[in-house]
Amino acid sequence: MSADQVMDEESGEPEAQFGLRLLEAPVVRRDDPRAYTSIVDHLNPGTTIERRVEVSNKSPEPLRIDLYAAAASINKRTFTFAAGRAQNELTEWISVDHPVLEVPPDSKQTARVTIQVPRRASRGERYGVVWAAVAGAGKGNVKLVSRVGIRIYLDIGPGGEPPSAFRIEKLTPARSREGQPRITAQVRNTGERALEMSGKLWLSEGPAGLRAGPFPVTRGTTLAPGDTGLVSVALDDGLPNGPWKARLSLASGRVKETVTATITFPSVGMQGSSVIPDFAQRPSTLSWGLGALLAILAAVGIRRLKRRLGRRGD
């Protein structure tokens, strides 16, 4: 779930507490963590899907909550929300069965979001957000609107879903002027779907055998297909310079990659030399390749066994 605050045209500050969450994921994406927080899908032109969402009022007062779809884009490696209720091609395909919900205190209600893709829709990935919004009370000229949203990553095209993949190209250690160490990873989106990067980093084999971590990756990097961006990890201030064996594991949904590299942090306020990872593990690619290899070997074995049995029968 993403959250945002925007200024609207009347005044007042909303003090309400409310939430929005996705209640279901496609069967084919039950193993994809992103599918439980965002609407992530691939559809053929002419397809219609529905997703249930839950709106919760966590305040002691009843709330009038608006539900609507608005435009979004990927801009400078960030999933960017359009202002207000700005529309794009994707939002024109989206409808909500309850555009306005009157939600009692400390209660929940559900709504259904329908996406109907035109038969002549062109190939490509579209982005949007389903928002739940509450306007603040007041009589001034400017009203503060609070809203929380569910992101939409919808790919359109005939046939199967385009591949998702990425590559961690290099790691760069640094220390801020305050002395905090940081590792930045350069990541390239080598697939055909947008990626939301998350992950963790571990340090081992440090001075006197020290180990540290895991340290969470700073969230917020979204890579469009073919794009290259930076993913950073902030570490503990007291860590010595090293050398260290760094292990970085990044993921976007069910696509993952883990790399290792030997790094040494520089002096305060400096950036160290970039290091190309000396090992890469791609579980998704490896498991698919191993499964394909086993299937081929099994098929060859079955053919040979049938030939032998046939010869004996003769």
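View 1. Strand β3 (residues 39-43) is mostly covered, since five of its five residues are buried, where buried stands for under 20% relative accessible area, exposed for over 50% and partly exposed for what lies in between (1.4 Å probe, protein chains only). Helices (H or I, at least four residues) and strands (E, at least two) are DSSP runs, numbered from the N terminus. The model is predicted, and local features need pLDDT of at least 70, side-chain atom pairs count only at pLDDT 80 or more, and totals for chains, interfaces and linings use all residues. Residues are numbered from 1 along each chain as its sequence is written, and side-chain values use heavy atoms, with hydrogens and water left out. From β3, the residues I39, D41 and L43 point one way, V40 and H42 point the other way, and all are buried. Strand β11 (residues 144-156) pairs with β3 in the parallel sense over five bridges, two strands being paired if DSSP finds at least two bridges between them. Within β11, Y153 is the bridge partner of V40.

View 2. Rings of Phe, Tyr and Trp (its six-membered ring) pair if their centres lie within 6.5 Å, and planes under 30 degrees apart count as stacked, over 60 as edge-to-face and the rest as tilted. By this rule there are five aromatic pairs. The pair of F79 and Y127 is edge-to-face, because the ring centres are 6.3 Å apart and the planes stand at 80 degrees. As F79 lies in strand β6 (residues 78-81) and Y127 in strand β10 (residues 124-135), this pair ties together parts that are 48 residues apart in sequence. Both F79 and Y127 are buried. F81 and W131 also form an edge-to-face pair, at 5.1 Å centre to centre and with 75 degrees between the planes. That pair links distant parts of the chain, F81 being in strand β6 and W131 in strand β10, 50 residues apart. W131 is buried, with a relative accessible area of 0%. One aromatic cluster is formed by F79, F81, Y127, W131 and Y153.

**View 3. Arginines over tyrosine rings.** A charge is taken to sit over a ring if NZ of Lys or CZ of Arg is within 6 Å of the ring centre and within 35 degrees of the ring normal. R34 lies over the face of Y153, 4.5 Å from the ring centre, and Y153 is also a member of the aromatic cluster with F79, F81, Y127 and W131. At the ring of Y68, the charged end of R85 sits 4.0 Å from the centre.

**View 4. Salt bridges between separate parts of the chain.** A salt bridge is a side-chain nitrogen of Lys or Arg within 4 Å of a carboxyl oxygen of Asp or Glu, and by this rule the count is 19 salt bridges. E24 and R52 meet through their side chains in one of them (3.5 Å, N to O). Because E24 lies in the loop between β2 (18-22) and β3 and R52 in strand β4 (residues 48-57), the pair ties together parts that are 28 residues apart in sequence. E24 counts as partly exposed at 25% relative accessibility, and R52 counts as partly exposed at 30%. In the salt bridge of E161 with R29, the closest N and O atoms are 2.5 Å apart. E161 lies in the loop between β11 and β12 (166-175) and R29 in the loop between β2 and β3, so this pair ties together parts that are 132 residues apart in sequence. E161 is partly exposed at 31% relative accessibility, whereas R29 is buried, with a relative accessible area of 3%. A network of salt bridges links R29, D32, E125, E161 and R193.

View 5. The peptide bond that joins G213 and P214 is cis, with omega about 10 degrees, and P214 has its place in strand β16 (residues 212-216). From G242 to P243 the peptide bond is likewise cis, with omega near 15 degrees, and P243 is found in the loop between β18 (228-234) and β19 (244-252). R77, although not a glycine, has a positive phi of about 65 degrees; R77 is found in the loop between β5 (63-75) and β6 and is partly exposed, with a relative accessible area of 36%. A208, another residue other than glycine, has a positive phi near 60 degrees. A208 is found in the loop between β15 (198-204) and β16, and is exposed, with a relative accessible area of 87%.
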